[in-house]
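The following paragraphs lead through a two-part model, from overall architecture to the contact between the parts and then to a single site. Please keep the sequence and the coordinates at hand while reading.

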Amino acid sequence: MFLERLFSSGKKERDVTEKMRRHLELLCDVCSKFKTALENQDRNLMCDVIDLERQGDSIRRAVISLIYEGAFLPFLRPDLCKFVEVVDEVFDLLKDTATYCRSTELPEPLRDECVRVALLNFRMSEMLLSSFDAMLKNYDLREKALAIRIYEKKIDDMKFYIIDEAQKIPVSDFWSGKILSDLISGLTSISDVIEDASDHLQIINISMR
Amino acid sequence: MWMLLSGLLLGWSLGANHTANVFGTGVATGTVSYRAAILLTAVFVALGAFLEGPKCMSTVGALSRLTAMDAFHCALAAGIMMSLLTFLSFPGSASQAIVGAVIGAGILSGTADFSKLYKVVVCWVFTPFLSILASFTFYRLFRYVLDMIDASLTQRNLIYSVGTILIGCYGAYCLGANNVANVTGVYVGSGVLSPFAASLIGGFSIAIGVLTYSKKVMMTVGKGIAPLDPFSALVAVFAGAFTMHVFTQVGVPVSSSQAAVGAVVGVGIVGDIQTVSIRMLTKIVVGWVSAPAFAALLTCLFIKLDRMGGFAAFFEIFR
């Protein structure tokens, strides 16, 4: 095992980090698609978001399998798995929100703000990818983590404005109100989960310094 | 030759008890599997004993003028003491147990040389301090080197996993080189064995202890003392091994447990982390104090029993 590890020069570990990077690139792609779909009210593009979530699932499974086949020190494995699972939660939230968007029309007074939230979510996902790259090179992540926290705070502020505006919109029945509420809740929760993922990256970074 | 049996018992218990100081943190943090750890330790302990073991051999035997039978009693008392500590999962000190036993035998025969004990005790006192200093220095040095290399996450992972194994092997080598004198040093002092034969037999018995009964203490040391990160674990093992290697050159067998705990404390100081649990430290300190005292008492008891015709009559059965 020792010689295998020495001569492979961390091949398993490289496979894991490549897959994790692919997972984050996919997240950026999904966030971008979601923002465009919301902007254009494109239901077909929302279907793509739902399909891409399945790809994300399969990458998550592959990463976790590789980790438990012996990649990385056991000391680090739980944090790496947790990070991948948190990123997968973002995919789940995006899928759920996309499903709500397909079944309801976003009211005009909320559209611009919701699109801005989706754009900030996309920016956060890009920052998370950049943070991951920095972690691989063992750079300091504090500035990137701070940027993510600032984005999250912005979205939090916008969330209260959207909720205030949403209260003024008349709803025809219970279900249309419920779906709109869940859509807003899903859209504004994505940033919280990305922030959690960023915190996990920092834990991994510190523990391997 | 039956008189070597007690030395073999001591070697076995030392191997079972002290592997923890070498690979305990590595196994507890999952860097090395238990199986790989004991195999590597057994090989390198025997190698260390064979190559550098004779350096410390004369020190133990010179503390008192021992007869062959006294040597048997001393090793038996220290062996029983160490086996008891192993059974109770106390990381005890074989050096202190055997020195306690030799001094006990010397007091009874009136040949105890306290002027030589002085050198040994000074080395014992300096062991944890040198270990703290070594781990403090190596922590800073290795950190600087790692930062200079600017290694990526996967490279660091490789450095830590390979480094823990290599340093563990060095630790096992130093354990064998320094502590084999505890096992068979009394036989050299009493003229039963030559230093070379004593190193060979001692190294072999320690290796058997490592292979057969080291898991329990390894887990106690690895998980009980400090929840270390891979880098700190690597530095702690290296500093502990380095300390033992220094005292091997001085010719005094010291406690690998003291060296290991000192190294963990040093890592805690430089890393500004809480590394040692008070409960575990108390357990260790109780072991340090009680091992020489009880070993001395046991030796006196065995010698008295033997003078009443106990052991010799018992072993006559096997002749």
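Of the 209 residues in chain A, 38% are buried, a residue being buried if 20 or more other C-beta atoms lie within 10 Å of its own, exposed if 12 or fewer do, and partly exposed in between, with C-beta atoms placed from the backbone. This is a predicted model, in which local features need pLDDT of at least 70 and side-chain atom pairs count only at pLDDT 80 or more, whereas totals for chains, interfaces and linings use all residues. Residues are numbered from 1 along each chain as its sequence is written, while chains are lettered from A and ligands numbered from 1 in the order in which they are written.

Chain A contains seven helices and zero strands; helices (H or I, at least four residues) and strands (E, at least two) are DSSP runs, numbered from the N terminus. The order of elements from the N terminus is accordingly α-α-α-α-α-α-α. The radius of gyration of chain A, 19 Å, is close to the 17 Å that the globule rule gives for 209 residues, so chain A is as compact as a globular protein of that length. Here the radius is taken over C-alpha atoms, and the rule is 2.2 Å times the number of residues to the power 0.38. The C-alpha trace of chain A spans about 70 × 30 × 25 Å along its principal axes. Two residues are in contact if their C-beta atoms, placed from the backbone, lie within 7 Å. Among contacts in chain A between residues at least 6 apart in sequence, 83% join residues at least 24 apart.

Chain B has 13 helices and zero strands. In chain B, 63% of the 319 residues count as buried. For contacts in chain B between residues at least 6 apart in sequence, the share joining residues at least 24 apart is 88%.

Where the chains meet, 18 residues from chain B and 19 residues from chain A take part. Helix α7 (residues 153-189) of chain B supplies nine residues, the largest share of the side of chain B that touches chain A. That side comprises eight nonpolar, seven polar and three charged residues; Ala, Val, Leu, Ile, Met, Phe, Trp, Tyr, Cys and Pro count as nonpolar, Asp, Glu, Lys and Arg as charged, and the others, Gly among them, as polar.

Met218(B) belongs to helix α9 (residues 215-225) of chain B and is buried, because 29 other C-beta atoms lie within 10 Å. Beyond its neighbours within four places in sequence, Met218(B) is in contact with Thr19(B), Ala20(B), Phe23(B), Gly24(B) and Val27(B). Met218(B) and Val27(B) are 191 residues apart in sequence, yet 7.7 Å apart in space, C-alpha to C-alpha.
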